[in-house]
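Reader: I have a structure open and want to learn how to read it. Where do I begin?

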Amino acid sequence: MPEFDDYGFIRDRPVPPQRWAEALKGAPPGRRIIQNTIPPGVLVVQNYFAPAWCDALTRECDAARSIRHTVGELGDDDGFAEAETEHRTSEAITVQQLSIDIVAAVRSFWTSVVGPHYGANIEWFEEPEILKYGIGGEYKVHADSEVWDQPAKKWKRVLDRDVSILAYINSDFEGGELVFPNFGFGLKPARGMVVAFPSDGRYLHWAKPVTAGTRYAIVSWAAVEGGRRAHQAPPFNAIRM
Ligand SMILES: [Fe+2]
């Protein structure tokens, strides 16, 4: 136990970060849910996933087969064209080949964190996949559910996604910051961190190029009950709640 002063504060406070572990021996890892210092609507949960879970998953991903994402064209409105395949230089790892249950982990985040935070009931979420970015890999500025309609000068919904999540399982890379250019806000992904934000055009984002190492991100998108719909049916990879 740390020593306390006459008023119950830890003596010699503030304890510097390098002495936290010593002063708080036996306590679980801290978790911070940031809500006030970042743009409204963006939710950053640090250390949501345990380090050991992240490390095991990273090892599986290192050994897994991945498929190169190609630059895509926006398809017709009936197909579930990716709004976000433009300018993407990453590879994808499907969850089926992993022994760790990513779907269960992501489902739990949707229901226990995202739903309550946004005051919404999740209707479905898209089967998560893991994006792998090697050196030079990036994902240029895009929105997850909308495309910019240049003649009409407005964002057009093409995918039924209301909320996006990005979960990070490793920290051992350089570059790869997540940036929201509309808000001049960016963050460095870290092991265990999950970021959620609305999927529309206001929340344009950019995964900057990785300059060293490999960056992994679990991605998924959800539709909330009562949300606007561009399509008559959920996408093929929807997992209903
Ligand atoms: Fe995205």
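Author: Begin with the definition of the elements: helices and strands are DSSP runs, numbered from the N terminus. Keep in mind that this model is predicted.

Reader: How many helices and strands does the protein chain have?

Author: The count is 3 helices and 18 strands.

Reader: How do I judge the overall build?

Author: Compare the radius of gyration with a rule for globules. Here the radius is 20 Å, close to the 18 Å that the globule rule gives for 241 residues, so the protein chain is as compact as a globular protein of that length. Then look at the box. Along the principal axes, the C-alpha atoms fill roughly 70 × 40 × 35 Å.

Reader: What share of the contacts joins residues 24 or more positions apart?

Author: Count contacts with a separation of 6 or more. In the protein chain, 77% of those link residues 24 or more positions apart.

Reader: What share of the residues is buried?

Author: A residue is buried if 20 or more other C-beta atoms lie within 10 Å of its own. Of the 241 residues, 30% are buried.

Reader: Which residues have the most contacts inside the largest nonpolar core?

Author: That core has 42 residues. Those with the most contacts inside it are Val114, Ile165, Ala167, Val194, Val195 and Ala222. Strand E17, residues 215-224, gives the most to this core, with 6 residues.

Reader: What does Ala222 touch?

Author: Leave out residues up to four places away in sequence. Ala222 then touches Trp110, Val114, Ile122, Trp124, Phe125, Asp162 and Val163.

Reader: Now strand pairing. In which sense do E8 and E9 run, parallel or antiparallel?

Author: Strands pair if DSSP finds at least two bridges between them. E8 (residues 146-149) and E9 (residues 154-157) run antiparallel, joined by 4 bridges. Val147 stands opposite Lys156 in E9.

Reader: What do E8 and E9 form?

Author: They form a hairpin, with 4 residues between the strands. Check the turn for backbone angles. Lys153 there has a positive phi of about 55°.

Reader: Which residue stands opposite Leu178?

Author: Look at the pair E12 (residues 178-180) and E15 (residues 205-207), antiparallel over 2 bridges. Leu178 faces Ala207 in E15.

Note on methods:
Residues are numbered from 1 along each chain as its sequence is written. This is a predicted model: local features need pLDDT of at least 70, side-chain atom pairs count only at pLDDT 80 or more; totals for chains, interfaces and linings use all residues. The radius of gyration is taken over C-alpha atoms; the globule rule is 2.2 Å times the number of residues to the power 0.38. A residue is buried if 20 or more other C-beta atoms lie within 10 Å of its own, exposed if 12 or fewer, and partly exposed in between; C-beta atoms are placed from the backbone. Two residues are in contact if their C-beta atoms, placed from the backbone, lie within 7 Å. A nonpolar core is a set of buried Ala, Val, Leu, Ile, Met, Phe, Trp, Tyr and Cys residues joined through C-beta atoms within 7 Å.
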